[in-house]
Amino acid sequence: MTLTTERPVAKTPPATWRTRLQGPAVFATVAVLALVVAPLLLEPFRLGLLAKYLVYAIVALGIGLAWGQGGMLVLGQGVFFGLGGYAMGMHLKLVEAQGDLPDFMVWSGVEQLPALWEPFANPVFALAMVVLAPMALATALGALVFRQRVRGAYFAILTQALAAAFVILLIGQQGLTGGTNGLTNFFELFGQDLALDETQRVLYIVVAVVLGLLYLGARQLVNSRFGRLLVAVRDGEDRVRFLGYNPATVKTVTFAISAGMAGLAGALFVPVVGIISPALLGVVPSLELVVAVAVGGRFALAGAVLGAVVMGYAKTTFSEQFAGGWLYLQGALFILVMTLAPRGIAGLLRRRRKETR
Amino acid sequence: MTALLEIRDLSVVFDGFTAIDGVDLTVDQGELRFLIGPNGAGKTTLIDVITGLTKPAAGAVRFGADDLTGRKEHEIVRLGVGRTFQTSVIFEELTVVENLDLAASFRRPLWALAGRRRGISEAVEHALTTTGLDELANEHARVLSHGQRQWLEIGMLLAQRPRLLLLDEPVAGMSLDERSRTGELLTEIAKDHTVIVVEHDMDFLRRYASQVTVLHEGRVLTEGSVEEVRANPKVQEVYLGRAREEADDAVR
Ligand SMILES: Nc1ncnc2c1ncn2[C@@H]1O[C@H](COP(=O)(O)OP(=O)(O)OP(=O)(O)O)[C@@H](O)[C@H]1O
Ligand SMILES: [Mg+2]
């Protein structure tokens, strides 16, 4: 028996080799621009800034995954960024202290290395913590709140509160964390002098490659069955239960992946920028990245990355000329995008491509 | 015949309002059972309890060897109970095949979902041909008409390969033509599944039902063949009588 349809429906054209190659072609072009052209053309200072934007783009990628694909508005990614950053910072500090106490501890009168710090002298442990600590925290939080069916604005506010609390915790533990100043004065990374242009250039390449690999991995995930399930959870969590899946698990896994990305970004941020401090990971920086993802287009992973780079660049350029005005411009831009182009820059580009085809 | 679903002395209370009041219901393996009753009789609530969406105040729901009360929704699905909703809920951003494929894949461990879908599995293929949606396989579900949505939901249910199917008003809002197609689909499915269908439509009932349970104000009013039920004066009073009133209203 067949049930034929009365209603005519618009058929999507079958994917031709041209449309199929379009994505890889764009990716390859961007990769060449980022890995070959940018290091050749940009002076070290500018290249360092670009490295910073790409670090933020890694966080944005995770936000795109959790928010754009999974519908979880994560307003506190700074926490995971911070965990990764501090794990890396602690390691660098211990290497420099060469068995002594890190400088800031001496200044704040700490006499013995805190037990929490000790294992971070081991580079393998520190690097593992960069990713594992954020993922473990996100998993614990996710298992707790998603099972209780906390979602939407409640979840968003919860993550934001977490970021606020994290900052307070860091500032309060002066001897352990460096307080408001955070961890800074880094001189070398795995034996390389961080002040050298050459080291910074290699770091830039590392950041770009990590971003590229994570992007490909995230894309693979989005296109997998898990990715379809994630979209289903975003659009109808309650219905998904009746497909036999537990949405809490799907969300927790995705939240943990996005947290791991933020952690890795935090660790890369430390040698690139030379500091990790509470001001870099509180409520405002967390929000800024969500705004960047919205501007770039949260439903496309490339949009999230683009948003982080564009907004990072805009912030630098604008702040160089009108200090303090950025906050308002950013807010205005956010409102503009949300009302006029909810799919962001990526959505606009895609629409244009469809029209010209 | 062995009982697949056994409901004993079930009660559901919403803020002091008793929506289900001591219901007993037994559905045998392989049966096609129709559940009817006027608006607010508790039909949807009964399905909600079986599928874990609503917790009962008292009573037991046995499915084969398992007790379903107190279990989570997805656990009940995993035991082999599938349902559709009165207003269809499908995933509009996914294609028809993707909707079906998700429904068919829930028994895989989560990590096994990390791969891309390659081709169409047997269960999905079967659901596509049974519901006649093969032509639309790669369309986004948002382009489907109302009837097609209901069929997709039924297809998703089939792809889950459940032992018991619960359909809540599958023909509501359908055209006459769509209704008879759904009826045929139902007959087809009932050949090798146990099915409970909630339905208002008397005409549809006459054509496709055999065993009918009538609910009224949270209680089982009567049970039997379509003829027996239709001949029952109590049923005529609460159900057909109300239909007559509605018809009178419509004339007025
Ligand atoms: N979540 C709820 N909270 C309070 N009352 C509810 C709730 N769900 C259902 N009810 C009430 O329980 C009674 C039974 O509702 P139910 O939806 O099961 O009826 P139904 O037989 O499916 O009716 P219909 O034919 O209109 O779908 C109704 O009076 C309804 O108002
Ligand atoms: Mg109902």
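**View 1. Which loop of chain A holds Ala121(A)?** Ala121(A) sits in the loop between helix H4 (103-107) and helix H5 (123-147) of chain A; helices here are DSSP runs of H or I with at least four residues, strands are E runs of at least two, and both are numbered from the N terminus. This is a predicted model, where local features need pLDDT of at least 70, side-chain atom pairs count only at pLDDT 80 or more, and totals for chains, interfaces and linings use all residues. Residues are numbered from 1 along each chain as its sequence is written, chains are lettered from A and ligands numbered from 1 in the order in which they are written, and side-chain values use heavy atoms, with hydrogens and water left out. Ala121(A) is partly exposed, at 44% relative accessible area (buried is under 20%, exposed is over 50%, and partly exposed is in between, using a 1.4 Å probe and protein chains only). Setting aside neighbours within four places in sequence, Ala121(A) is in contact with His91(A) and Leu94(A), where contact means heavy atoms within 4.5 Å. Gly99(A) is 22 residues away from Ala121(A) in sequence, and their C-alpha atoms are 9.1 Å apart.

**View 2. Here is Ser224(A), in a loop of chain A.** The loop in question runs between helix H8 (197-223) and H9 of chain A. Ser224(A) is buried, with a relative accessible area of 0%. What does Ser224(A) touch, leaving aside its neighbours within four places in sequence? Its contacts are Leu113(B), Ala114(B), Gly115(B) and Arg116(B).

**View 3. Now for H2(A) and H9(A), two helices that meet at an angle.** The axes of H2(A) and helix H9 (residues 225-241) of chain A come within 8 Å and cross at roughly 50 degrees. Each axis is a line fitted to C-alpha atoms, for helices over the stretch in contact, and angles run from 0 to 180 degrees between N-to-C directions. H2(A) and H9(A) are therefore oblique to each other; angles under 35 degrees count as roughly parallel, over 145 as roughly antiparallel, 65 to 115 as roughly perpendicular and the rest as oblique. From H2(A), the contact uses Leu65(A), Gly68(A) and Gln69(A), and from H9(A) it uses Leu230(A), Val231(A) and Arg234(A). Sorted by class, that gives 3 nonpolar, 2 polar and 1 charged residues (Ala, Val, Leu, Ile, Met, Phe, Trp, Tyr, Cys and Pro count as nonpolar, Asp, Glu, Lys and Arg as charged, and the others, Gly among them, as polar).

**View 4. This one shows the largest nonpolar core, with 141 residues.** A nonpolar core is a set of buried Ala, Val, Leu, Ile, Met, Phe, Trp, Tyr and Cys residues joined through side-chain atoms within 4.5 Å. Phe81(A), Phe255(A), Phe34(B) and Leu152(B) touch the most other members. The biggest contributor is helix H2 (residues 44-69) of chain A, with 17 residues.

**View 5. Zoom in on Gly155(B), part of helix H5 (residues 146-159) of chain B.** Is Gly155(B) buried or exposed? Gly155(B) is buried, at 0% relative accessible area. Not counting residues up to four places away in sequence, Gly155(B) touches Leu100(B), Ala127(B) and Thr131(B). Leu128(B) is 27 residues from Gly155(B) along the chain, with 6.8 Å between their C-alpha atoms.

**View 6. Helix H1 (residues 43-50) of chain B is mostly covered.** Of its 8 residues, 7 are buried: Lys43(B), Thr45(B), Leu46(B), Ile47(B), Asp48(B), Val49(B) and Ile50(B). Just after H1(B) comes Gly52(B), with a positive phi of about 85 degrees.

**View 7. Last up are Asp9(B) and Arg161(B), each with a positive phi without being a glycine.** Asp9(B), in strand E1 (residues 3-14) of chain B, has a phi of about 50 degrees and is partly exposed at 49% relative accessibility. Arg161(B), in the loop between H5 and strand E7 (164-168) of chain B, also has a phi of about 50 degrees, and Arg161(B) is exposed at 52%.
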